[in-house]
Amino acid sequence: GRGERNGRNERDRDAGPSDAVGEGDLALVLDRYVPFKLVSVTQDGTLQTRNGLFKMKDWIGREWGTRIMNEQGKDVMVVKPTPELWTRVLTHRTQILYLPDISMVLMKLELKPGCVVLE
């Protein structure tokens with residue numbers, strides 16, 4: 001049809017690769033029961049949730065933030081990871097750091113006087 005090229009319309013092409021889910025992307029899946037699940041998108045991958053089975057091939061090429069329906073009519077939202085969302089996905093554990101460990105970390109970071117470190 002008009003405006004189509006290689007199975008994608010001009011709007012998809014103009015949006016650029018960062019606006020659509022692609023194979024190999026890390027995606028955060030928002031489900032009604034589990035706040036966020038981090039997955040790597042693959043053409044033949046699937047995600048099993050309490051809402052049923054979702055095929056990742058249905059996600060590829062879709063815009064980030066789109067609700068994806070499965071065959072049972074249930075949905076999940078596929079979201080692009082952001083620094084803020086990463087903090088919600090990663091498990092938070094308390095870690096005690098001792099002076100030798102802190103010294104090694106500082107050395108590996110190549111910090112110099114005047115550098116600012118945020119914890």
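**A pocket, a patch and some charged pairs**

In this predicted model, the largest pocket holds about 200 Å³ of space. Its lining is made up of Leu97, Ile102, Val105, Leu106, Leu109, Val117, Leu118 and Glu119, and, sorted by class, these are seven nonpolar residues, no polar ones and one charged residue.

Several of these names return when we turn to the surface, where Leu97, Leu99, Ile102, Val105, Leu106, Leu109, Leu111 and Val117 form a nonpolar patch with about 720 Å² of accessible area together.

In the segment after α3 we find Glu110, which has a positive phi of about 55° although it is not a glycine. As background, most residues other than glycine have a negative phi. Glu110 is also exposed, with a relative accessible area of 60%.

We now come to the charged pairs. Side chains of opposite charge can pair when their charged atoms come close, and in this model there are three salt bridges. In one of them, Asp75 pairs with Arg32, with the closest N and O atoms 3.1 Å apart. Asp75 lies in strand β8 and Arg32 in the loop between β3 and β4, so this pair ties together parts that are 43 residues apart in sequence. Asp75 is buried, at 11% relative accessibility, whereas Arg32 is exposed, at 61%.

Note on methods: Residues are numbered from 1 along each chain as its sequence is written. This is a predicted model: local features need pLDDT of at least 70, side-chain atom pairs count only at pLDDT 80 or more; totals for chains, interfaces and linings use all residues. Side-chain values use heavy atoms; hydrogens and water are left out. Patches are made of residues with over 30% relative accessible area and no salt bridge: like charges are joined within 9 Å, nonpolar side chains (Val, Leu, Ile, Met, Phe, Trp, Tyr) within 5 Å. Accessible areas come from the Shrake-Rupley method with a 1.4 Å probe; for residues, only the protein chains shown count as cover. A salt bridge is a side-chain nitrogen of Lys or Arg within 4 Å of a carboxyl oxygen of Asp or Glu. Helices (H or I, at least four residues) and strands (E, at least two) are DSSP runs, numbered from the N terminus. Buried means under 20% relative accessible area, exposed over 50%, partly exposed in between (1.4 Å probe, protein chains only). On a 1 Å grid over the protein atoms alone, a cavity is a set of points where a 1.4 Å probe fits but cannot get out, and a pocket is an open set with protein on both sides within 12 Å along at least five of seven lines; lining residues have an atom within 4 Å of a point. Grid points are joined across faces, edges and corners, and a volume is the space filled by probe spheres set on the points. Ala, Val, Leu, Ile, Met, Phe, Trp, Tyr, Cys and Pro count as nonpolar, Asp, Glu, Lys and Arg as charged, and the others, Gly among them, as polar.
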